[in-house]
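Let's take a walk through this one together.

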Amino acid sequence: MSAAQKKHWILRIVLLLAAAYIAGALAGRLHAQVKEKSQATETDMPTEEESNAADTQVSGQEPEAAVQEPMQIALTFDDGPNPYYTRTLLEGLKKRGVKATFFVLGSEVEKFPDILEEVYADGHLIGVHSYEHVNFGEIGDEAAQKQIERTLEVIHDVTGEYTGFIRPPYGCWKDSLDSRVNLIEVLWDVDPLDWATTDADTVVQRIIEDTEEGSIILLHDASESSIQAAFTVIDALTDQGYEFVTVDELLLE
Ligand SMILES: [Zn+2]
């Protein structure tokens, strides 16, 4: 072997060693990379503790959403049934899925039994107002009792039910009537004085200002402005999170 040939062989061995070293180093690095990656995957997986914490957080939000119940209020309409306005009111209430309470006059029920039948069929609550819109504070107990009993009977003739609720005209009740009449007296806390104006916006503004959870709103199905105000109020207060119910739901639950 010549010196040049020897040199050539030494160079080949060095190159082979170098190649082997590089290959080994590369393999080692690749292994390290794979390990790193698998470790990273392990670290990304949440621990049991973290999973529980996440569950708690999610379930902690659910009940909060469930307890948020609508604030209940009641719309009440006195002095009907009215031949001009009650049916329009019923249509608007039905369209909005709202139930209301009607305190009716016995004399008007006798004149318009079909309208009261519709009120009843639509699922609204019916109560006694009086027979001829009298002030119970100004008449004798016996006369007051007759007004009430006669109205109970004419309502029963139409609906087949005796109502358990009364709203005395002008909110005037006498304690002495308690022993004669077994009815729940329903007054109000929101009175927009709708009978004294023909401006629906004024009525709407007064109601929205004074209404809070549990409010009983006094209206009359006796004018166009009153029923238009009722519709606007329903739309606005429903948007504010209120739910309209009949007074029995409000008072007895
Ligand atoms: Zn009245």
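**A walk from the zinc site outwards**

Along the chain, the donors of the zinc ion follow the spacing D-x49-H-x3-H. Keep in mind that this is a predicted model. In residue terms, the protein donors are Asp79 through OD, His129 through NE2 and His133 through NE2, and they lie 2.0 to 2.2 Å from the zinc ion.

Now look at how the two histidines sit. His129 has a relative accessibility of 2%, so it counts as buried, the cut-off being under 20%. His133 comes out at 25%, which makes it partly exposed.

Next, on to the strands. Strand β1 covers residues 71-78 and runs parallel to β6, with five bridges joining the two.

How enclosed is β6, residues 216-220, by the rest of the structure? Largely, because five of its five residues are buried.

Let's move to helix α6, which spans residues 141-159 and includes Asp141. Is Asp141 buried or exposed? Asp141 is buried, because its relative accessible area is 18% and the cut-off for buried is under 20%. As for what surrounds Asp141, set aside the neighbours within four places in sequence and you're left with contacts to Lys174, Ser176, Leu177 and Arg180.

While you're in this part of the sequence, have a look at Arg150 too. Its charged end sits over the ring of Tyr131, 3.9 Å from the ring centre. On the subject of rings, the count of aromatic pairs in the model comes to three.

Last stop: a loop. Thr198 is found between β5 (184-185) and α7 (200-210). With a relative accessible area of 76%, Thr198 is exposed, because the cut-off for exposed is over 50%. Where does the chain bring Thr198 and Ser225 in space, given that they are 27 residues apart in sequence? Their C-alpha atoms end up 5.4 Å apart.

Notes. Residues are numbered from 1 along each chain as its sequence is written. This is a predicted model: local features need pLDDT of at least 70, side-chain atom pairs count only at pLDDT 80 or more; totals for chains, interfaces and linings use all residues. Side-chain values use heavy atoms; hydrogens and water are left out. Rings of Phe, Tyr and Trp (its six-membered ring) pair if their centres lie within 6.5 Å; planes under 30 degrees apart count as stacked, over 60 as edge-to-face and the rest as tilted. A charge sits over a ring if NZ of Lys or CZ of Arg is within 6 Å of the ring centre and within 35 degrees of the ring normal. Helices (H or I, at least four residues) and strands (E, at least two) are DSSP runs, numbered from the N terminus. Buried means under 20% relative accessible area, exposed over 50%, partly exposed in between (1.4 Å probe, protein chains only). Contact means heavy atoms within 4.5 Å. Donors are N, O and S atoms within 2.8 Å of the metal (3.2 Å for Na, K and Ca); water is not among the atoms, so sites may look incomplete. Two strands pair if DSSP finds at least two bridges between them.
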